Amino acid sequence: KTQIKKIFITTSRDSRISNIKELIFFLQQENFEVINPINLSIDNLSEKIRNSEILISEKASVYNNALLFRDKPFFLLSSKNEINLEKKFFIGAGIYKTFLHGIIKEIFFEDDPRFQKEKPFKNRIKVDINLLKKSLNA
């Protein structure tokens, strides 16, 4: 039986996902390959993103890799506080991302109690593993 290629693309920073170690452990148990784009050549990175059956990406600039190389649906881990943000706040990147609206499956999580305000519109989240499981199995 051929193994389904499953990828989680992340910078592994807990400033983005407070329980990143727990999340990585869970995904590895589910046979995901965890990749940090900085550690791969552009050719290797694009091949992995294009050819994975299931792709999960954290939000922020790391997910632009998926936007560049992906033409089929992928999961994006987002903050519940970003659900209703107006697209006018993201004029440059937002225009391109809007074209791909149909392939991005956002999963919304609570912000971590230690809310980060280092950068606008970049909320630190805590991934609810049970919610992620349900989304992957839907």
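Before I start, my exposure terms: buried means under 20% relative accessible area, exposed over 50%, and partly exposed in between, with a 1.4 Å probe and protein chains only.

I am looking at a predicted model, where local features need pLDDT of at least 70, side-chain atom pairs count only at pLDDT 80 or more, and totals for chains, interfaces and linings use all residues. Residues are numbered from 1 along each chain as its sequence is written, and side-chain values use heavy atoms, with hydrogens and water left out.

I went to Asn 31, in the loop between helix 1 and strand 2. My helices (H or I, at least four residues) and strands (E, at least two) are DSSP runs, numbered from the N terminus. Asn 31 is partly exposed because its relative accessibility is 47%. Its phi is positive, about 70°, although Asn 31 is not a glycine. I then checked Ser 12, which sits in the loop between strand 1 and helix 1. Ser 12 also has a positive phi, near 65°, and is a residue other than glycine. With 37% relative accessibility, Ser 12 counts as partly exposed too.

What is the strand order? I read 2-1-3-4-5 for an open sheet of five strands, with parallel pairing; two strands pair if DSSP finds at least two bridges between them. Strand 2 (33–35) and strand 5 (104–109) are the edges, each with a single partner strand, so one side of each has no neighbour in the sheet. From one strand to the next, the twist averages 25°.

**Strand 1.** I followed strand 1 (residues 6–9) to both partners. Four bridges tie it to strand 3 (residues 54–58), running parallel. Phe 8 has Ile 56 as its bridge partner in strand 3, and Ile 9 has Ser 57. Towards strand 2 I find three bridges, again in the parallel sense, with Ile 7 opposite Glu 33. Are the faces of strand 1 covered or open? Both are covered: Lys 6 and Phe 8 on one side, Ile 7 and Ile 9 on the other, are all buried.

**Helices on the sheet.** Helix 1 (residues 20–29) lies across strands 1, 2, 3 and 4 (strand 4 being 74–79), at about 170° to strand 1. For such angles, axes are lines fitted to C-alpha atoms, for helices over the stretch in contact, and run from 0 to 180 degrees between N-to-C directions. Helix 5 (residues 129–137) packs on the sheet as well, touching strand 3, strand 4 and strand 5, and makes about 160° with strand 5; contact means heavy atoms within 4.5 Å.
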